[in-house]
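Let us take a walk through this structure together, going from its charged pairs to its core and then to one pair of helices.

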Amino acid sequence: DATNALRIASSLYRSNESPSNEVFSDYMEALYRSGNIASLQGLIRKYLQESKGEAKSMLYYYSALATGKNSENYLSLLRSALLTNPRNKNALFAIYEWYFSRRDYRNAQFYLKQAMGVDGGQNKRYLKLYNDLTLLLGT
């Protein structure tokens with residue numbers, strides 16, 4: 001459950017003076033899934049300016065999630081995540097979902113294809129979504 005995941009991720013994060021990107025990402029994910037948005041936003045504010053590359057991209061991605069999918073900043077923050085790391089699979093998939101929810105299937109297909117490329121084309125869920133989207137578009 002989310003509470004247990006947060007406890008474990010928090011312990012890993014706090015036990016390292018310089019946690020790896022994976023531990024940092026797991027901690028932010030646990031904060032998000034447990035609904036601890038204020039703590040997530042505090043962490044983002046603390047590290048966003050000094051971070052670079054993959055870490056900064058993760059911070060932009062979680063900042064987008066924290067603002068909510070209906071926020072005007074949501075898509076802009078996801079694009080910032082991609083500017084700092086074009087291979088951020090989570091941001092690519094989130095943009096796919098955003099376009100798909102707005103029935104902009106061509107753009108949705110583009111971002112899903114990018115996420116599939118980052119994932120090496122092995123993600124069965126992505127493959128099914130892509131095939132379904134291709135049928136919907138008739139391409």
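A salt bridge is a side-chain nitrogen of Lys or Arg within 4 Å of a carboxyl oxygen of Asp or Glu. With that in mind, a search of the whole structure, which is a predicted model, turns up three salt bridges.

Start with the one in helix H2. Here Arg33 pairs with Glu29, and their closest N and O atoms are 2.5 Å apart. The two residues sit four places apart in helix H2, so about one helical turn separates them. Arg33 is exposed, because its relative accessible area of 62% is over the 50% cut-off.

Asp132 is partly exposed, at a relative accessible area of 35%.

The bridge between Asp119 and Lys89 has its closest N and O atoms 3.2 Å apart. This pair links distant parts of the chain: Asp119 lies in the loop between H7 and H8, while Lys89 lies in helix H6, 30 residues apart. Asp119 is partly exposed, with a relative accessible area of 23%, and Lys89 is also partly exposed, at 28%.

In soluble globular proteins, nonpolar side chains tend to be buried together. The largest nonpolar core of this model has 44 residues, and Met28, Tyr61 and Leu78 are the ones that touch the most other members. Two or more residues of this core come from each of H1, H2, helix H3 (37-47), H4, helix H5 (74-84), helix H6 (89-101), helix H7 (105-118) and helix H8 (124-137). H4 gives the largest share, nine residues.

What does Tyr61 touch, leaving aside its neighbours within four places in sequence? Its contacts are Leu78, Ala81, Asn88, Asn90, Ala91 and Ala94. Leu78, like Tyr61, is among the core residues that touch the most other members.

Not counting residues up to four places away in sequence, Met58 touches Asn21, Phe24, Ser25, Met28 and Asn88. The C-alpha atoms of Met58 and Ile44 are separated by 9.4 Å, and these residues are 14 apart along the chain.

Ser63 is found in helix H4 (residues 53-67) too. Is Ser63 buried or exposed? At 14% relative accessibility, Ser63 counts as buried. Setting aside its neighbours within four places in sequence, Ser63 is in contact with Ile44 and Leu77.

Finally, look at how two helices pack. Two packed helices are described by the angle between their axes and the distance between the axes. For helix H1 (residues 2-14) and helix H2 (residues 21-33), the axes come within 8 Å and cross at roughly 145 degrees. The crossing of H1 past H2 is left-handed. On the H1 side, the contact is made by Ala2, Ala5, Leu6, Ala9, Ser10, Leu12, Tyr13 and Arg14, and on the H2 side by Val23, Phe24, Asp26, Tyr27, Ala30, Leu31 and Arg33. Sorted by class, this contact of H1 with H2 has eleven nonpolar, one polar and three charged residues. Arg33, one of the H2 residues in this contact, is also the partner of Glu29 in a salt bridge.

How values were computed
Residues numbered from 1 in each chain as written. Predicted model: local features only at pLDDT ≥ 70, side-chain atom pairs only at ≥ 80, totals over all residues. Heavy atoms only, no water. Axes fitted to C-alpha atoms, helices over the stretch in contact; angles between N-to-C directions. Left-handed = near helix turned anticlockwise from the far one by under 90°. Contact = heavy atoms within 4.5 Å. Nonpolar A, V, L, I, M, F, W, Y, C, P; charged D, E, K, R; others polar. Buried < 20%, exposed > 50% of the residue type's maximum accessible area, 1.4 Å probe, protein only. Core = buried A, V, L, I, M, F, W, Y, C linked by side-chain atoms within 4.5 Å.
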